[in-house]
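Please read the following note alongside the sequence and the model. It is set out as numbered points for a reader new to protein structure.

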Amino acid sequence: MSTVTLAFLRRDLLIWSSYRTSVVSFALGAAVMIGIVYFLGQVVEADSDVLDEYGGDYVAFLLSGFAFVDLFNRGLSALPGMIREQQQNGTLEPLLVTPTRLVEFVVGSSLFSLILSSGRAILMLLFGVIFLGFWRDADPVSMLIVLIPGAVAVFALSILFSAVVILIKRADPIVAAYSLMTAILGGLLFPVEALPFWIRPFSWFVPLSHALSGLRLGLAGHPPSTVLPEVVALLALSAVLLPLSIVSFNWALSRAKQDGTLVQY
Amino acid sequence: MRSDLRTNGTAPSESAAMPMTLPATSLSSRPPGSQYPIETHALTKRFPRAAGWRQILSSGEGKLVLDGIDLAVRRGEIFGLLGPNGAGKTTLMKVLSGLLLPSGGKAFVAGFDVVENSLEVRKRIGLVHGDERTFFWRLSVAENLRFYATLYRIPRREADERIKRLLDLVGLTAAADTRMDRFSTGMKQRAAIARGLLNDPEILLMDEPTRTLDPVASRDVRNFIRKSVTDGGRRTVLLATNLMSEGEQLCDRLAMLNHGRVCFAGTIDEMRQTIQVEQVHSISVSGIEPEKLQRLAALPAVLSLSVRPAARERYEVSLGATRDSSVVPQVISRLVAEGGHVWSSKPRELSLEELFHLTIDSNVDERANGSEGATS
């Protein structure tokens with residue numbers, strides 16, 4: 001990791017820690033999410049046949065879903081959110097005058113938020129392991145080989161949404177709508193296999209559905225060979241999304257520089 | 001002086017414009033280490049008229065904000081960009097710093113094309129904004145500067161020393177660890193200057209650095225710029241301001257911008273020659289209506305005239321004329337003949353503000369007459 005990226009990380013950590021309630025709200029967020037998941041798991045009667053592949057327990061299914069969806073959604077909104085915030089507070093322009101490279105700016109701007117969400121996801125998963133006895137046989141290799149291309153695909157989408165922020169300033173509704181749609185199509189509350197037949201093809205184009213499915217399989221202890229189709233799907237989506245997002249971002253930046261709207265808010 | 005001052009409508013002399021004019025050759029291959037730290041050639045910038053989604057899709061003609069700017073700023077000088085709001089000063093600054101892409105023409109900073117070599121340009125410039133909202137307010141000024149020092153790839157130890165020195169230079173040592181949301185506007189502006197100097201830039205772009213400051217803080221910042229920013233002529237400063245007094249106090253040379261065009265470029269002395277108003281007389285008069293005073297402008301030798309109410313029911317008439325003209329005795333005779341009482345008449349130098357208005361008026365006259373204008 002470059003010193004420039006670390007400088008962004010340090011800056012965001014300092015700003016985050018300057019709010020007295022940051023740690024409390026962070027822990028509270030995780031606790032509330034665990035509470036909701038546990039409540040839902042208890043009141044909803046799930047079809048165990050559909051869940052067999054993922055370990056058979058609906059609370060475990062929900063807990064892993066919420067943990068990863070939170071992480072992916074945060075990954076999706078971190079960069080556009082940071083760009084929007086910096087447009088509004090006037091700090092974007094001085095940053096763009098420095099010789100910071102685009103990749104450093106993009107990675108640096110989203111890193112802290114991602115680390116924070118990863119921390120929350122890990123807390124939730126650890127809660128499941130320690131207090132609820134889930135995922136004792138998890139396969140970390142399977143999870144890792146899903147997580148890496150999944151992160152790349154989400155990162156690409158994040159850059160794509162940042163391009164929208166640069167162009168039209170307000171991408172929050174689009175990101176929110178996309179997050180909600182992918183949460184349903186991606187299998188947050190129920191497996192994709194349980195979706196109506198005609199909707200399933202749409203979920204093939206949603207990176208979250210493959211990432212979530214692969215990660216849950218890894219948690220359930222399935223070997224890497226089982227998650228391979230999900231890895232291939234994520235790699236294919238990343239291969240399309242990454243160049244598309246970089247081209248879009250550069251085009252948006254150039255367009256904003258032509259139009260003089262780069263720091264408008 | 002008001003804008004009812006007028007000139008004889010002539011364009012600025014070639015000699016005044018010459019120092020700024022460059023041959024338009026080999027523009028795209030100008031090597032680093034060029035003679036001028038900042039050069040622009042027929043630089044234009046046009047903004048789209050549409051907004052929102054329509055703006056993204058539109059490709060039609062928009063508002064012309066920079067209109068064929070040719071400038072050459074010499075090494076080590078403080079060069080002023082003066083002009084009213086909307087003249088194009090900030091747009092020019094943004095083009096030079098790579099925040100905006102030009103619509104036409106070329107711009108070179110430190111010998112690098114601002115479009116093709118933006119990264120090289122950004123390594124060599126500092127930008128001081130007039131807007132105070134450019135810092136992370138929940139961090140201290142030292143933390144802010146440390147963050148920016150890393151973006152400029154300054155090694156940690158060197159950065160710490162430089163930050164210490166700069167904070168001392170701008171008088172913020174005692175507040176180094178204070179969060180910036182507790183800073184006054186003046187302190188934030190001084191912090192902005194420190195940030196602009198952080199990478200020890202060859203070229204410092206200052207966009208209305210005293211815009212948000214009160215008169216005392218403005219004076220302090222101006223003193224600081226004059227004394228410390230050029231670093232003994234090693235650093236070139238491009239200063240945009242709409243305060244004529246600031247331009248007069250700080251700038252070695254300047255360019256007057258109006259409606260995106262350079263009306264004049266050169267020294268203040270050159271501007272005085274260009275305007276051809278060689279002397280201004282302030283005449284204090286009473287017992288005569290202002291309308292009658294305005295009619296003095298019709299006298300052939302009067303090059304400019306403004307009338308301003310003064311204390312004790314008097315009016316102050318500012319009269320621009322050539323040095324050898326006998327216009328002042330003529331005017332005084334006429335005032336007395338019309339029943340006026342002349343209290344005093346004294347010659348004085350034209351202020352930069354008066355020169356500015358004369359230059360702008362001259363430029364407007366030329367445009368109205370279909371002339372090519374006074375772009376130098």
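1. Basis of the note. This is a predicted model, in which local features need pLDDT of at least 70, side-chain atom pairs count only at pLDDT 80 or more, and totals for chains, interfaces and linings use all residues. Residues are numbered from 1 along each chain as its sequence is written, while chains are lettered from A and ligands numbered from 1 in the order in which they are written.

2. Helices α1 and α6 of chain A. Helices (H or I, at least four residues) and strands (E, at least two) are DSSP runs, numbered from the N terminus. The axes of α1(A), residues 3-17, and α6(A), residues 102-132, come within 8 Å and cross at roughly 30°. The two helices are therefore roughly parallel, a term for angles under 35 degrees. Axes are lines fitted to C-alpha atoms, for helices over the stretch in contact, and angles run from 0 to 180 degrees between N-to-C directions.

3. Residues between these helices. Residues are in contact if their C-beta atoms, placed from the backbone, lie within 7 Å. On the α1(A) side, the contact includes Phe8(A), Leu9(A) and Trp16(A); on the α6(A) side, it includes Val107(A), Leu111(A) and Phe112(A).

4. Contact between the chains. Chain A contributes 26 residues and chain B contributes 28 residues. On the side of chain A that touches chain B, the elements giving two or more residues are α1, α5 (92-97), α7 (140-168) and α11 (224-259) of chain A. Of these, α1(A) gives the most, with six residues.

5. Chain B as a whole. Chain B has 13 helices and 14 strands. Of its 376 residues, 46% are buried, meaning that 20 or more other C-beta atoms, placed from the backbone, lie within 10 Å of the residue's own. Among contacts in chain B with a separation of 6 or more, 74% join residues 24 or more positions apart.

6. A sheet in chain B. Four strands form an open sheet in the order β12-β13-β11-β14 (chain B), with antiparallel pairing; strands pair if DSSP finds at least two bridges between them. Because β12(B) (304-309) and β14(B) (341-348) stand at the edges with a single partner strand each, one side of each is left without a neighbour in the sheet. The twist averages 20° from one strand to the next. Six bridges join β12(B) to β13(B), residues 314-321, and Ser304(B) has Gly320(B) as its bridge partner in β13(B).

Conventions: Parallel < 35°, antiparallel > 145°, perpendicular 65-115°, else oblique. Contact = placed C-beta atoms within 7 Å. Buried ≥ 20, exposed ≤ 12 C-beta atoms within 10 Å, placed from the backbone.
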